[in-house]
Amino acid sequence: MAQILDGKAHADRMLAEVKTAVDARVAAGKRAPCLAVVLVGDDPASHVYVRGKVKACLETGVRSLEHRLPANSTQAQVDALIDQLNEDAGVDGILVQLPLPKGLDSKQALHRIAPAKDVDGFHPMNQGLLLEGLPGLRPCTPSAVMNMLKAYGFEMKGKRAVVLGRSEIVGKPMALMLLEEHATVTIAHSRTVDLPSVCREADLLVAAVGRPGMVEGSWIKPGAVVVDVGINRVEDLNLGTQIFAKEPKKLETLKTKGGVLCGDVRFGEAMEVAGAVTPVPGGVGPLTIAGLMMNTLQACEARS
Ligand code: NDP
């Protein structure tokens, strides 16, 4: 039976670390870090994510400012708000919650954020620093995953790592961070031939695809460490019956509640083969928010 990597517990430790540093700043007469969150439109999932981020701010003593714009805002209005936050000396971090409503250009908005306040680590300047292996603000999900893997004592040097997914948010930065730790890294994606064989080579498999239960137990090398970044809601009973064959509780929730959250990896199958696995929920999700708090503190300390 694989070890369950408790992302929630590790995230709580990261949040406690941020709180200690924030308290020390305040005790020394400095101001608390401040995160400005920009939420455009009414996407219900975005509201849930923003609530989670604001809650983490409250827990750590980070000040949070919420800026809401209506769904019919123009790009110029979004840009103007970002400019205002860039110039505001009291704001350390700016987060534009994605996705933006149709008609707005996310990349344009993200590139407008001052790199020093880019706590999501999506600005090309910060991505470039990561590519060069230099310090900067790094994307929250992969940096928090690395933080947890190190805390669990997993040696990455010389190991075969496979990252499933090549997004700028997760897959590519994750691969760079693993490379930095001297893993031999393969990035797989939708055009990769024979994904199961590629995955079976991995001592460390990171799945960031957004396809519920895509990674089957037979894709996993015995003893591998499996990090499941995917967050998917399954409502289809036929699909659920297939992917939750080894997770009766999930199948039951799907039947009784009409939907259930799961990752890209078939957790029940992975538990029988892998050495360690992150669950969904309670794995990478809480780590991402903890990574954001770490970045906000880092941005604040770099500025004052
Ligand atoms: P994207 O949609 O941007 O990228 C998905 C990647 O998966 C792409 O590179 C795509 O390949 C690849 N892919 C899609 N389908 C297949 C397939 N059938 N076979 C192989 N590769 C495939 O997603 P993100 O990286 O933003 O997110 C991935 C998942 O992680 C989502 O479920 C998202 O909700 C979740 N997520 C979770 C976070 C957390 O905090 N836990 C944070 C961020 C994301 P190609 O490039 O060829 O199209």
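**Entry 1: salt bridges**

I searched the whole structure for salt bridges and found 18. I counted a salt bridge where a side-chain nitrogen of Lys or Arg lies within 4 Å of a carboxyl oxygen of Asp or Glu. The model is predicted, and local features need pLDDT of at least 70, side-chain atom pairs count only at pLDDT 80 or more, while totals for chains, interfaces and linings use all residues. Residues are numbered from 1 along each chain as its sequence is written, and side-chain values use heavy atoms, with hydrogens and water left out.

I began with Asp-92 and Arg-31. Their closest N and O atoms are 2.8 Å apart. This pair links distant parts of the chain, 61 residues apart. Asp-92 sits in the loop between α3 (75-87) and β4 (93-96). Arg-31 sits in the loop between α1 (7-27) and β2 (34-40). Helices (H or I, at least four residues) and strands (E, at least two) are DSSP runs, numbered from the N terminus.

Are these two partners buried or exposed? Asp-92 is buried, with a relative accessible area of 0%. Arg-31 is partly exposed, at 31%. The cut-offs are under 20% relative accessible area for buried, over 50% for exposed, and partly exposed in between (1.4 Å probe, protein chains only).

Next I looked up Glu-181 and Lys-150. Their side chains meet in a salt bridge of 3.1 Å, N to O. Glu-181 lies in the loop between α7 (171-180) and β6 (184-188), and Lys-150 in helix α6 (residues 140-151), so the pair ties together parts 31 residues apart in sequence. Glu-181 is partly exposed, at 24%. Lys-150 is partly exposed too, at 46%.

Then I took Asp-203 and Lys-221. Their salt bridge spans 2.8 Å, N to O. Asp-203 is in the loop between α8 (195-200) and β7 (204-207), and Lys-221 in the loop between β7 and β8 (225-228). They are 18 residues apart. Asp-203 counts as partly exposed, at 22% relative accessibility. Lys-221 counts as partly exposed at 30%.

I also noted a network. Salt bridges that share partners join Arg-31, Asp-92 and Arg-303.

**Entry 2: aromatic rings**

How many aromatic pairs does a search of the whole structure find? I found one. Tyr-152 and Phe-154 form this pair, and it is stacked, with 6.1 Å centre to centre and 20° between the planes. Rings of Phe, Tyr and Trp (its six-membered ring) pair if their centres lie within 6.5 Å; planes under 30 degrees apart count as stacked, over 60 as edge-to-face and the rest as tilted. Tyr-152 is partly exposed, with a relative accessible area of 26%. Phe-154 is partly exposed, at 24%.

**Entry 3: around the ligand**

I then turned to the ligand.

Which side chains did I check for N or O atoms facing the ligand's own atoms? An oxygen atom of the ligand is 2.5 Å from an N or O atom in the side chain of Ser-167. For Ser-190, the distance from a ligand oxygen is 2.5 Å. A nitrogen atom of the ligand is 3.3 Å from a side-chain N or O atom of Arg-211.

Key
Polar contact = N/O pair within 3.5 Å; in protein donor to acceptor, adjacent residues only side chain to side chain.
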